[in-house]
Amino acid sequence: MSVITRDEAQLRAQLLDVHRYTVELDLTTGDETFDSRTVIRFTARSAGDTFVELKPASLRTVTLDGQPLDPETLDGNRLPLRGLTAGEHELRVDAAMRYSRTGEGMHRFTDPTDGETYVYTQMFLDDVQRVFAAFDQPDLKAVFELTVTAPDGWSVLANGITEHLGQGRWRAAATPLISTYLVAVAAGPWHSLHTEHRGLPFGIHCRRSLAAHLDTDAEEIFDVTRACFDRYHEKFEEPYPFDSYDQAFVPEFNAGAMENPGLVTFRDDFVFRSAVTDTERQTRAMVIAHEMAHMWFGDLVTLKWWDDIWLNESFAEYMGYQTTLEATRFTQPWVEFGVTRKAWGYDADQRPSTHPVAPEAVDDTAAALLNFDGISYAKGASALRQLVTWLGEKNFLAGINIHFERHRFANANLADFIDSLAAATDRDVHAWAEAWLRTTGVDTLSPRVAAADGTLALTVDRAGSRPHRITVGLYDHDLTDEGRLTPREHVSLDVPQSAPQPIGKRPALILTNDGDLTYAKIRFDDESFEAVRTGLSGLPEPLTRAVVWNALRDAVRDGELPPAAYLETARTHLPRETDLAVAEGVLAFAAHEVTDRYLRPEDRPAALATLGSLCRDLLRRTEDGDNPGLRLIAVRHFINVAAHPDTIAAWLADDTVPGGPELDPELRWRILGRLAVLGATDEAAIAAELDRDPSANGQEGAATCRAALPDPEAKRAAWDAMFASDDLSNYLFTATARGFWQPEQADLVRAYVPRYYQDVVPLAARRGPAIAAAAGRWAFPYHAVDAENLALGEACLREAEPVAALRRKLVDELDDLARALRVRDA
């Protein structure tokens, strides 16, 4: 058995106390494997049998209390420990372990720019056993002492301060009590920058080929880090619990970042090598804040089992956005949350794979891994934002601090947290948790106006079961500006209401959930929808506009608003939009979902023309250079929707957009990718561009372009690279998959749709969860919005027994496909 069940973990936790791991890693033994020697000191509370996990390339020796165990007893990833007596024990394991190319365990990467090699660990969720032997469950916390032997010229980072002992040997300071999945090592010829704050060493690190780009942004990254660190010390009574704070930007990272105590790892896309918008900088700041929040939520106090993922992720998500707002120069993080993250949560919560924020039972680690989704992050954070609105921030923070005091360096569950909150307030937080954290689905809030006692009164109808504390915005037409809606009043309501709310004369727009303080879909009455149709861009606050755009998005997805009407609204109002997150979110939905999936193929050319015209308007509006971020968004999307190659080919030849910007590597690869789709470039041009940009990003850009060429041989080569070979890293697999399926090439790739379901199941079983998830998401034939594709997918789920990670992705993609078919029919 490769996964551990909840029942097994509980039994093992009852049997064992784990005290200390002493781990020695040797990274000098070759390109394929490294040596791992582990000593585990633990106590058995009573006599019994148990097991330790590891996934070695070869298991050399094992001893328990000085007596050898037979390595041949290793069964899959489990080494049985039989006949334990009550008392203290020492287990020693000597093994060779495989490097990973999929971002799991100990990932190894050689930079094509300069040939330098880097390795780093990603132990989450149960991948520590790919690096060293462990009792791998979150509630068996221990002290970890690590020693690493690395090649000359490398430096080694770990959870604690590292010391170079000479001859390539590095020793990390012993950790406090932490969970196995939080242990971290990163080794290589890092480019490192250091500072000190509040007596602690802070560092940021990246591979050498990105050094100049990190140097450019170092002060911004350090400023955000210091500001968030100080703000958390104002919020939390428990001080930062570790001896240093390093942030390593590492290659081919599967997630956005990982909260390893004292050594946070980020995907190195956050070291910007091309132009980015201020919203993208804001996102980086939010991720820094999110991961730092984990030092308390997840690292200091850790979940007992994976059914309480939300205690880690929902809190870090909420704190990341709120602390970015409070502590940094960025003023609109909740707008980006509303447009991007919240939509992720709404979508996930309406699929068959939905689950409560706090599910009552997660049976094993394979099931747990599937719950790191829009529900655990975005819905959970939305629920916490509603909790703060209902409870008050003072009581909320008081409950959090009680929680930290009660469970520091230990483990906790939902009941523990709710008890801590209950100690800080007289409100019934247990009932709130039951309604919000144990249920699934999205409530819908709709306004209803009726005459009462000679005036108009508002009732907000609820389809659903949760209590909501909301703000309702009442807006009137501005008499001096026909396209502007001005706020008359903001009304606070509890839903369900005890009585209708008097509102005086009829407003032009009634906007439930103005300010986006709860988690619910909203609908408009007829008068309000007409006001939105004519005056959306005239709403004064970007968060208000984000709520409206989300409502229109939901209405399209639910078949209540024609996709063409959404495009018409975007064409009317987006040219006047000022918020970058709103502009990016609307354009992305309009292109990827509306144009590529919800409209019928015969309507797609007109939709592309509409979006191209919209982007041209944004380009004309930004010619004076006063909003470079909006101009960059317009350039990117103009490239994405170009139906003819002439304009973007001229940009590529001139290496600039007329009026700016000059083309950086990201824009050049984007243009070349679109030209490939349109059949307006070839392998020679791709190879020449790769010579110009031989970086890892360039390798990915070339892979996408080659897979996108409308040529049978190019498609065959891309397919074989993904499915017939295991040579592609996680990033190169995704880059190839993203180029393969194109709506313009439906006839060319039609035969590959059934092949996908035949080939993806063995691929996922062979290459593991990370590639399984990538294959289920990026390699899925999303463009084939037809009943045949849906039937093939449903048959695959019934008959082929895909591994859990792939099954979850297929369930989600097929549900989205079925929704697209319903929207087309509507």
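The model is predicted, so local features need pLDDT of at least 70, side-chain atom pairs count only at pLDDT 80 or more, and totals for chains, interfaces and linings use all residues. Residues are numbered from 1 along each chain as its sequence is written, and side-chain values use heavy atoms, with hydrogens and water left out.

**Overall build**

- The protein has 26 helices and 28 strands. Both are DSSP runs numbered from the N terminus: helices are H or I with at least four residues, strands are E with at least two.
- Its radius of gyration is 27 Å, close to the 28 Å that the globule rule gives for 826 residues, so the protein is as compact as a globular protein of that length. The radius is taken over C-alpha atoms, and the rule is 2.2 Å times the number of residues to the power 0.38.
- The C-alpha trace spans about 85 × 70 × 55 Å along the principal axes.

**Inside and surface**

- Of the 826 residues, 60% are buried. Buried means under 20% relative accessible area, exposed over 50%, and partly exposed in between (1.4 Å probe, protein chains only).
- Among contacts with a separation of 6 or more, 72% link residues 24 or more positions apart. A contact means heavy atoms within 4.5 Å.
- The accessible surface is about 30,200 Å², and carbon and sulfur atoms hold 49% of that. Areas come from the Shrake-Rupley method with a 1.4 Å probe; for residues, only the protein chains shown count as cover.

**Helix α20**

- Helix α20 covers residues 696–708; its 13 residues should span 18 Å at 1.5 Å a residue, and its end C-alpha atoms are 19 Å apart, which agrees. The expected span is 1.5 Å times one less than the number of residues.
- Its buried residues include Ala696, Gly698, Glu700 and Cys705.
- The buried residues of α20 pack against β8 (105–110), α18 (665–677), α19 (683–692), α21 (712–724) and α22 (730–740).

- Most residues other than glycine have a negative phi, and most peptide bonds are trans.
- Leucine 125 sits in the loop between β9 (117–122) and β10 (143–149).
- Glycine 660 and proline 661 are also joined by a cis peptide bond, with omega about 5 degrees.
- Glutamine 167 is not a glycine, yet its phi is positive, about 55 degrees. Glutamine 167 is exposed, at 80% relative accessible area.
- Asparagine 513 has a positive phi of about 60 degrees. Asparagine 513 is buried, at 1% relative accessible area.
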